[in-house]
Amino acid sequence: MSLITINPMKSTSLGGVETLIRELQAVYAGSGPITELYEKPSEKDEFNERKGVEYRCFGISFLGLAILSKILTKFRQILFLSRSCSSGHDATVVLFHPNDLLYMPARVRKEARVILVQTNRLDVFFGGRLEHFVLRRYARFVDVISVYTDQDEKRLAEEYQGAFSRTVVIPRGCKIDTAEVAPTHSKKLVAIARIDEEQKNFTAMVSIMRNLPSDFSLDIYGGGSASEVAALNKLVEPFDKVRYMGVTVDVQETLSNYAVFIMTSHYEGFGQTLIEARSQGLPIVAFDTFDALSWIVDDGKSGFVVPAYDEALFVKKLELLCGSKELYASFAEQSLLKASETDRAVVRSKWFKELIH
């Protein structure tokens, strides 16, 4: 038996999918060979390569020849996968993008066990014309599709009736242990995210801070390209109560210094940082821009789900939450209770059942 994952980025980099790949490798370790196929090496490795994993980069880039580069990259993806599945019947191939079904040799599609993992809202995950074409043509070769929540499972059944033979609900697992005590009430806010303005919408985050009283503060953690980091530093520079802190090497320790986690993203797949925040008892306030949010946060109990882009209401919810020690304590306790849903051991057990068959 062997495990093969295919993803654009190497799992030694930051990101939700990359985190999941590292988890799958840990779950599968000792059960057989593990191969990670990826298109692009990370600009900066935040994690070490895992011992026993074969890392193979199939991406090719020719300056000024984008179309040729893409064609050769996909050809190498097919070639590398074929070589990694020399005995297809013994292979489990995990995909994180529906379109990768196109770039599987016919033999591998038929013989290997194929798992397709939801990595974004379903309307984005299957949102384009190419994705719909792939679904119609190749979904029958997917042995299992994993979705984040029961809501996603229901929506998948409604929109793609009979397309997949089996659906399982596996949320993202929390990387850190659940805190034993709730955090201390304060007005210290925190955000941990990949530094990418197009997705994370830091502009709205800073705008919200501009309209909060001066005793509120926000620290932003995360890594990104040099240009994105430079843009964020320029954005926060005029505001004394907003700071960019760089990459955190200890998420659990970092979260222990704050009271509330905020998110203003235009979209998310699941929200890995949110489940980490609630595992430490931090209430969450976030824009309602992705389906999994309402599963992660009990609106009005463990945090606030704010209608998309309503910055004024976002400000009011933060003032309400941080303005009462009693209300804050109740929200923090509920966050800790909900953390059991994404306990690392529970989620790993679910993946073990799917990978070791």
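**Exercise 1.** Find the ring over which the charged end of R56 sits.

*Solution.* The charged end of R56 sits over the ring of F80, 4.1 Å from its centre, where sitting over a ring requires NZ of Lys or CZ of Arg to be within 6 Å of the ring centre and within 35 degrees of the ring normal. The charged end of K10 is likewise placed over a ring, that of Y55, at 5.1 Å from its centre. The model is predicted, so local features need pLDDT of at least 70 and side-chain atom pairs count only at pLDDT 80 or more, whereas totals for chains, interfaces and linings use all residues. Residues are numbered from 1 along each chain as its sequence is written, and side-chain values use heavy atoms, with hydrogens and water left out.

**Exercise 2.** Count the aromatic pairs, then classify the pair of F304 and F331.

*Solution.* Rings of Phe, Tyr and Trp (its six-membered ring) pair if their centres lie within 6.5 Å, and planes under 30 degrees apart count as stacked, over 60 as edge-to-face and the rest as tilted. The count by this rule is ten aromatic pairs. The ring centres of F304 and F331 are 5.2 Å apart and the planes stand at 50 degrees, so this pair is tilted. Buried means under 20% relative accessible area, exposed over 50% and partly exposed in between (1.4 Å probe, protein chains only); F304, at 5% relative accessibility, is therefore buried, and F331, at 3%, is buried.

**Exercise 3.** Name the residues that form one aromatic cluster with F125.

*Solution.* F125 forms one aromatic cluster with F126, Y160 and F164.
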